[in-house]
Amino acid sequence: VSKVSVKKNVNGDWQETTQFKDGDEVQVGINYTIPPNSFTTSPYQVKYQLPSGITITKTESGIVKDPDTKEELGTYQISMDGLITITYNDQFNTIEEYQGTVQVTGSISSNGSGENGEIHFPGSNTTITVEKEHEQNDTDIFVKKEAQVASDKKSISYKVIVSTTKG
């Protein structure tokens, strides 16, 4: 992995950022390099596991093409668990270095972020921060307690009042 860029959808415009909110639509671009002679046996495969916190909404698959010549190089598959698998065909040139890019669209989940709200992308220096939704306390319960000792000092009477204006 040579670079990971993460963008969020802001009113239909994809903007690169490192700050996200739970549920944001996200687009992850992964640039990778396959060094010369990396593959020795077929099938020639490259795999990358997206970190938890990136939610894929549907399985995707398609054709991998050379960006310059448009020649078909193989296939890709992105599973619901975020595993990206690229399988190159037997005609793929394994002797020369190859640089590729894969792009994935999904959503952000704060459940997959660490305690500090960070999601790190393996193999890169890219880390994003997810602002977790804070639960709002919309209650207004008031409690009042009164106590009175009986004249014989053998018992105590308590009066507890619980009230609310918001219900």
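Biologist: How much space lies in the largest pocket?
Modeller: About 220 Å³. Keep in mind that this is a predicted model.

Biologist: OK, and which residues lie nearest its centre?
Modeller: Those are Val-64, Tyr-76, Thr-101, Val-102 and Gln-103, out of 15 residues that line the largest pocket.

Biologist: Which elements give two or more residues to that lining?
Modeller: Three strands do: S7 (60–65), S8 (72–78) and S10 (98–108). The largest share comes from S10, with six residues.

Biologist: How do the lining residues divide into nonpolar, polar and charged?
Modeller: For the largest pocket you get nine nonpolar, four polar and two charged.

Biologist: What about the second largest pocket, what volume does that one have?
Modeller: Its volume is about 170 Å³.

Biologist: And which residues line the second largest pocket?
Modeller: Asp-66, Glu-71 and Leu-73 do, along with Gln-91, Phe-92, Asn-93, Glu-96, Glu-97 and Tyr-98.

Biologist: Switching topic: do strands S13 and S14 run parallel or antiparallel?
Modeller: Antiparallel. S13 covers residues 142–149, S14 covers residues 156–163, and eight bridges join them.

Biologist: Which residue in S14 does Val-149 stand opposite?
Modeller: Val-149 stands opposite Ile-156.

Biologist: How many residues sit between the two strands of that hairpin?
Modeller: Six residues lie between S13 and S14.

How values were computed
Residues are numbered from 1 along each chain as its sequence is written. This is a predicted model: local features need pLDDT of at least 70, side-chain atom pairs count only at pLDDT 80 or more; totals for chains, interfaces and linings use all residues. Side-chain values use heavy atoms; hydrogens and water are left out. On a 1 Å grid over the protein atoms alone, a cavity is a set of points where a 1.4 Å probe fits but cannot get out, and a pocket is an open set with protein on both sides within 12 Å along at least five of seven lines; lining residues have an atom within 4 Å of a point. Grid points are joined across faces, edges and corners, and a volume is the space filled by probe spheres set on the points. Helices (H or I, at least four residues) and strands (E, at least two) are DSSP runs, numbered from the N terminus. Ala, Val, Leu, Ile, Met, Phe, Trp, Tyr, Cys and Pro count as nonpolar, Asp, Glu, Lys and Arg as charged, and the others, Gly among them, as polar. Two strands pair if DSSP finds at least two bridges between them.
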